[in-house]
Amino acid sequence: MKRKIKIAANSNEMQCLYSQDWEYYDYGDCKRHLQIIFPYKQEMKEDEKYPLILFIPGSAWHKQEMYNDIPQYALLSKRGFVIAVMEYRESDIAVFPAQIEDVYNALMFIPNIANNFHIDTSKIFLMGNSSGGHIAMMSVLFNAHGLCKMLPKVSGVICESGSTDLLICAKAMLPPWMKIRPSAVLLGIDKIEGHEELAEKASCAMYISENIELPPILLIHSENDPVVSVENSRTLYEKLITSHHNVLYYELEENDAHGGAVFYDSAILDIIHEFCEKCVLH
């Protein structure tokens, strides 16, 4: 059977493309890579630029799965963002704060590919979920205190389901199959108990005060998150607010998603998009 159809499609509608495995740093014994998802139109102007989101995936600080979520990152890229998904050194091979050094090295690499992917290097956001949210937040906090190499200007931070307080995380029950807490592995110890001071130094709260400069921050967390307690984001929000920092917090009511499709719902993408637009206007 032969049929003809007419599609009223806009040939210049925003699409996105994927470029894989860009090596951003070689540590000698391990190489780290970026996955790049970027906006594309048939009539792209040479000087057309898009904000960059350096996305730090969650993995309980262990080895990250870098490819499964590419279709979801594409939903954000179609909003007009270049997404660079960052592979960082897992806690099994490098303890904290090595991951902050990875963020620095990834950001230092971005200008090398900015023209390839139409990246506006003056509009850079850090975004992470779960352990990735922790790394994103700790990066800007360490930077504010001069505890790491100075990062390029970060326009904003998006922290989803962030495990931002290791002492709160240590209160959660371990599943039977897990012998050592991921946060303990991150710190190179067997358990958090007895090492509370070390855990505190790898948590956000102690670094937040009125006399530091931070970029605007967006927190998103499910009310009934079974993996990372919502108390992480509630506590972080209160600390940021009382210290007079620019922070928005969206708590997903009666929701138990830790990540996945819920966090790429159009309502969430609208929130992220609006947040980023406001950040670069001020």
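Does Arg89 count as buried or exposed, and at what relative accessibility? At 11% relative accessibility, Arg89 counts as buried, where buried means under 20% relative accessible area, exposed means over 50% and partly exposed lies in between (1.4 Å probe, protein chains only). The views below show a predicted model, in which local features need pLDDT of at least 70 and side-chain atom pairs count only at pLDDT 80 or more, while totals for chains, interfaces and linings use all residues. Residues are numbered from 1 along each chain as its sequence is written, and side-chain values use heavy atoms, with hydrogens and water left out.

**View 1. The salt bridge of Arg89 and Asp102.** The side chains of Asp102 and Arg89 meet in a salt bridge with an N to O distance of 2.8 Å. A salt bridge is defined as a side-chain nitrogen of Lys or Arg within 4 Å of a carboxyl oxygen of Asp or Glu. Asp102 lies in helix α2 and Arg89 in the loop between β4 and α2, so the pair ties together parts that are 13 residues apart in sequence. Helices (H or I, at least four residues) and strands (E, at least two) are DSSP runs, numbered from the N terminus. Asp102 counts as buried, at 0% relative accessibility.

**View 2. Salt bridges that involve helix α8.** The structure holds 13 salt bridges. One of them joins the side chains of Asp270 and Arg79, at 2.8 Å from N to O. This pair links distant parts of the chain, 191 residues apart: Asp270 is in helix α8 (residues 266-281), and Arg79 is in the loop between α1 and β4. Asp270 is partly exposed, with a relative accessible area of 40%, and Arg79 is partly exposed, with 25%. A salt bridge of 3.2 Å, N to O, also brings together the side chains of Lys278 and Glu274. Lys278 and Glu274 are separated by about one helical turn, because they are four residues apart in helix α8. Lys278 counts as partly exposed at 46% relative accessibility, and Glu274 is partly exposed with a relative accessible area of 42%.

**View 3. A network of charged side chains.** Arg32, Lys63, Glu87 and Glu90 are linked in a network of salt bridges. Side chains of opposite charge can pair when their charged atoms come close.

**View 4. The packing of helices α2 and α3.** Helix α2 (residues 98-113) packs against helix α3 (residues 131-144) at an angle of about 80°, and their axes are 9 Å apart. Axes are lines fitted to C-alpha atoms, for helices over the stretch in contact, and angles run from 0 to 180 degrees between N-to-C directions. The two helices, α2 and α3, are therefore roughly perpendicular to each other; angles of 65 to 115 degrees count as roughly perpendicular, under 35 as roughly parallel, over 145 as roughly antiparallel and the rest as oblique. From α2, Gln99, Ile100 and Val103 meet Ile135, Met138, Ser139 and Phe142 of α3, contact meaning heavy atoms within 4.5 Å. By class, this contact has five nonpolar, two polar and no charged residues. Ala, Val, Leu, Ile, Met, Phe, Trp, Tyr, Cys and Pro count as nonpolar, Asp, Glu, Lys and Arg as charged, and the others, Gly among them, as polar.

View 5. Ser131 has its place in helix α3 and is buried, with a relative accessible area of 0%. A polar atom of the Ser131 side chain lies 3.2 Å from the backbone nitrogen of Trp61. The Ser131 side chain also makes a polar contact of 3.2 Å with the side chain of Tyr88. A polar contact is a pair of N or O atoms within 3.5 Å; within protein, one must be able to donate a hydrogen and the other to accept it, and residues adjacent in sequence count only if both atoms are side-chain atoms. Not counting residues up to four places away in sequence, Ser131 touches Pro57, Gly58, Ser59, Ala60, Trp61, Tyr88 and Ser163.

View 6. Trp61 has a positive phi of about 65° although it is not a glycine. Trp61 lies in the loop between β3 (50-56) and α1 (70-77) and is buried, at 4% relative accessible area. Ser130, also a residue other than glycine, has a positive phi near 60°. The loop between β5 (119-129) and α3 holds Ser130, which counts as buried at 8% relative accessibility. The peptide bond from Phe96 to Pro97 is cis, with omega near 10°, and Pro97 is found in the loop between β4 (82-86) and α2.
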